Amino acid sequence: MQIRALSLTALACALALSACKPQPGRPADAAAPVAETKPAAAPAAAKVGDGADDNLNAVLWMQRSVEYRASTETIYRAAADKLDVALKQPNWDALVPEERGNSAKGLKPAVVMDVDETVLDNSPYQARLVRDGKEYDEVSWDAWVAEKKAKPLPGVVDFAKAAQAKGITLVYLSNRAVHLKDATVANLRSAGLPVADDSVFLGLGTVVEGCEQNGSEKNCRRLLAGKQYRVLMQFGDQIGDFVQVVANTPEGRDALLSQYHDWFGERWWMLPNPSYGSWEAMTFNNDYSQPREARRQAKRAALDVAP
């Protein structure tokens, strides 16, 4: 997220008028690549000649457009209409067979939800990065989580209350690290989301006996959720929120979408997130150690340009 400006102060003022889940530019809930490297340090200040911040339009759309709000409300309203169907069908299961280690028969029903950009809106944190010419880092992210100021996505509270009224437990399967549990649970509750108890938060670092986690993939924690619940639905903003991404490549991701195409809009519900994610990392070979401009050039090269 590089910034082009004559001075950092002038840029901050300009951005204040318009805008003011790990790896750079993406909170913890973006699925990590299989072989992940540490991000390069963000520049201390914007330099003349640097490109505009890649994330400006995405964050602005998420914060200011009625289209974004309409999209999330549409998804949650449609999902609420499917709850009774899912409850009545005893064989309905939103976990892929490889992640269902036991029979779901007789288990309590649950909905598995990613947190960041699925339940809670972290666009103010992203806007800070845009304003300051910085990229994601763990220190600033942890500080944001500790503020407990993230608001719920439009539509999610109504869905959650509808599910709770039907005896369905919400399980929050997040790539927020386990040391952020208390702040996250407090934020969820203050945002109006039901949290049964601390056990329904399955953060990054949760130990699952007999299952080895690969990076920030969620398959082990989904397996754990399946031991306790019949999972009716899953919600997320990344393909890795629903199924393990073995190869974060265009071909690997396309294959997953093709294989589970019919699950979306039934058992799986995808929220829009143009701000960050494994879809971005895919374009530069999941290598965040590259300088920002090298990553930007790789993203440009991935565009389908009209002749």
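**View 1. The buried side of α5.** In helix α5 (residues 138-147), the buried residues are Trp141, Trp144 and Val145. They span an arc of only 100° around the axis, so they sit on the same side of α5; the arc is taken from the directions from the helix axis to the C-beta atoms. Here, buried means under 20% relative accessible area, with exposed over 50% and partly exposed in between (1.4 Å probe, protein chains only). Helices (H or I, at least four residues) and strands (E, at least two) are DSSP runs, numbered from the N terminus. This is a predicted model, where local features need pLDDT of at least 70, side-chain atom pairs count only at pLDDT 80 or more, and totals for chains, interfaces and linings use all residues. Residues are numbered from 1 along each chain as its sequence is written, and side-chain values use heavy atoms, leaving out hydrogens and water.

**View 2. Who packs against α5.** The partners of its buried residues are β2 (120-121), α4 (123-132), β4 (169-177) and α7 (181-190). Contact means heavy atoms within 4.5 Å.

**View 3. The two ends of α5.** After α5 comes Lys148, with a positive phi near 60°.

**View 4. Glu135 in its loop.** Look between α4 and α5 and you'll find Glu135 in the loop. Glu135 counts as buried because its relative accessibility is 5%.
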